[in-house]
Amino acid sequence: MKSIVVDNSYPLHPVTMFTLPRLANIVAQNERTLFTFLESNENGGLKKHFEVNGTWYYAYNLFDYFEPSFQEFNTDSSTGSTYFKYLRVQKKVGNSSTANDEFKLLKLLTLWDIANLNNIQKLNKEFMCFALNWELNNLNKIIKVLEGKKLIRYSLFNDNWEIFEGSSIDVNKKIEEVIQQGIAKQEKLELLTCNLESRFAYPKRYNDDKNMIRYATIYPVYASDLLSSRNKDSLGDIDSDMSIFYVIPDLEIEKIKEKISELSQVDNKNIYVLPHKKLNNIDEYLMKLASINKLLDDKYLLNEDAIIEEELLKIKENTLFAIKEIIKPITQFQKSYWYSDGEDLKIKSNLSLSEKLSIIMENVFDKTPVINNESFNRRNISKQQLKAAKEVVDAIINNTVDELKGPSKLIYASVVKNNKVNELNENIQITMLREELMKQTKLGKGDFTTLLDIFKNPPFGIREPNIPILLTSILKKEWKYLMFYHKDGSFINDIDGDILYERMLDKPYNYSFSYQSLDNKYKTTISLIDECFSSYLDEKDKSYHPAVRVNRMLSKWFRNLPKITQKTNKLSDKSLAFKQLIKKGQFEPDVALRKFYELELDLDTVELIKKENEQYCINHQNLIEATIYKLTSVYSFNELLEFVQNKNEVVKVDNKLYKVLLVSSEENWIDNLALELVGVKREDWSDATDEVFFKTINSLVESDNLKELKEEYYEVKIENNSLAIPKVDLSPKGETIYTNIKDDLELMARKLPKDEIKALLFKLLVDYYEENM
């Protein structure tokens, strides 16, 4: 049958017959169609070809006939792009002895691409020999010539030859130069990891049963690193449920097999995959890929030739394809060992791998509670879910879970309610989790990471977003006895959802905890403080440890005192000790409670301490008033004011005490004076500020020396009053103003009598003085 088709098609070559209708269909909108081709006398037409040559009409001949149609396509079209690429490369063929055959092959490749025939028939060497009627030796010769000129290349990815416009730079030499500089082993592994078709494997059945997503992360690793005790700890990811190591054999296979069999028994969460044979040339291709990437990042190199980037990308494509082919024994389950727990799992497909992973996960994480909320029961959650989770934690701590709504209510139901936490028929996994947590907390103290590890590690393997919710709900009855500290030893006063999620869960190594039940001997001390400071108790404080609750009450009372009271040491010894323990309680509430107990306080003593502190600010104000009255020998504000008003004007202007008193009232003169003399409001004073103030007051009263002041001031008497004008030298600017005013006065003298000018100057002096007192 084939013979009949070939014989009867003459002079059309069978490949031409195969190509012609598809090619004609591409340019069907043009005048050159299948029917015009058969009768055409134009260049490339069948009739003219046979009349001139009298032999077979090969596929490449079609190029000459259809070329005018190709020229009508735009360069941004598939046909136009392919044709114009041909035009660019054909200019580089030259006039060698093989030029004619080179054109034939380029035309065949171009037609094949335009007609999109690679999907039907690949242009392998055997087919090209038939299409061109060449011997294989001649085809290899022409291919070698065109490859040398960078006009064609073989695409491993597409498994066919294609026209390729190479750059003027020797790219292979550049690649080799980079390789010679050295490529780190870790860099090669990272490249291999990035180009794996899949980075994860999933235990589908297990995930369906638990309604969550567990997975095994895949890591390529060199056998030499795996067997090295120095590098072993750095392999894999501690956050991954399981690890699958693709072992690249850079040692003898049998030696690697023996070792990974042993390793797989050490940690049942690891699977080791080893090919039956060495992966030939894998290192060379990885180094080549790393070199190509470095060259693609070299902007100076890319600017040397407009085509070099495309050439590098084509070589990279082939290199990646070659790497994927080399590692197929591992990735495609072809010829490889899969070691787990000392045995070869004999994995043959993704399906069997998934089932084996499910079995392993069931053994490793057999105590994982079911949380029917797949969008929340995962490693990473959305911002909205995080916000809702914080609300749930706050509600559990503050006993307001009945007020939860929307997403927070759903999270609470799926994590806590559905597992019947703290109920009689509590989920068995939750009960076992509580037992482990209580074992750890009853040790008294520890790092916060130890609590997290119970949740995260086998046999529970709980996802992080669930941990704060389960921690607070499972330990709800014990929560008030748990105290958390920062690594610097400071107590964390207000544990809430935000702190648990944003700080403690994010950096658990920065935190520790202690478990402290309340000793009965402290109950009297606590009751005493409760009675005296009950107005400072918030309802939510009741959920805290008694030591914390007491300190929170006292801290609120202390913060409500004026700062002068908070800072001063001018109190009774018992008051000072009481204040110090309040401050200590902010960091060590348990220690503070013990110290309060040791003070052996009674109700009357606490009341006196409270009253002394609350009245200190008023008493301090009275002390200032009494001190100034004594220094000035007066008994009231009115007498003090009269005392100041009777002073010489020069003295009043110079003395800050007198100046403030003249512009103040009986209600505010002390506060005004305090701010003026030391620059700080009296309520915010420290003891040091207080001492400065009293020294200044003494100095101001004692410095009332009129004789000395008259040397510094001019005294202008006006009836019963005086004006004090400071004796200062005029600055250049002042001299200028003085000259200008003097000139103006001389001009005014022409229009005004001299007496009126004197009256004017006097009035200006008095008005300006009074306005700027």
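1. Let's start with P459, which sits in the loop between helix 23 (448–456) and helix 24. The peptide bond joining P458 and P459 is cis, with omega at about 10 degrees. Please keep in mind that this is a predicted model, and that goes for the points below as well.

2. N116 has a positive phi, near 55 degrees, and belongs to the loop between helix 7 (99–114) and helix 8 (125–132). Its relative accessibility is 48%, so N116 counts as partly exposed.

3. The other one is E600, where phi is positive too, near 55 degrees. E600 is placed in the loop between helix 30 (589–598) and helix 31 (603–632). Exposed or partly exposed? With 69% relative accessibility, E600 counts as exposed, because the cut-off for that class is over 50%.

4. Three strands form an open sheet in the order 9-11-10, and their pairing is antiparallel. Strand 9 (445–447) and strand 10 (482–486) are the edges, each pairing on one side only. On average, neighbouring strands of this sheet are turned by 20 degrees against each other, direction ignored.

5. How many bridges join strand 10 to strand 11 (residues 511–515)? There are 5, and the two strands run antiparallel.

6. Y485 has S512 of strand 11 as its partner, while F484 is bridged to F513. F513 in strand 11 is also the bridge partner of G446.

7. Why is strand 11 described as largely enclosed by the rest of the structure? The reason is that 4 of its 5 residues are buried.

8. Helix 21 (residues 406–417) contributes buried residues of its own: S408, I411, Y412, S414, V415 and V416. Helix 20 (383–397) and helix 24 (467–474) are among the elements that cover them. As a reminder, residues three or four places apart on an α-helix point the same way, because there are 3.6 residues a turn.

9. Last, a surface feature. F200, Y202 and I213 make up a nonpolar patch of about 250 Å². F200 is part of strand 3 (residues 200–201), and its relative accessibility of 34% means that F200 counts as partly exposed.

Terms used
Residues are numbered from 1 along each chain as its sequence is written. This is a predicted model: local features need pLDDT of at least 70, side-chain atom pairs count only at pLDDT 80 or more; totals for chains, interfaces and linings use all residues. Side-chain values use heavy atoms; hydrogens and water are left out. Patches are made of residues with over 30% relative accessible area and no salt bridge: like charges are joined within 9 Å, nonpolar side chains (Val, Leu, Ile, Met, Phe, Trp, Tyr) within 5 Å. Accessible areas come from the Shrake-Rupley method with a 1.4 Å probe; for residues, only the protein chains shown count as cover. A salt bridge is a side-chain nitrogen of Lys or Arg within 4 Å of a carboxyl oxygen of Asp or Glu. Buried means under 20% relative accessible area, exposed over 50%, partly exposed in between (1.4 Å probe, protein chains only). Contact means heavy atoms within 4.5 Å. Two strands pair if DSSP finds at least two bridges between them. Axes are lines fitted to C-alpha atoms, for helices over the stretch in contact, and angles run from 0 to 180 degrees between N-to-C directions.
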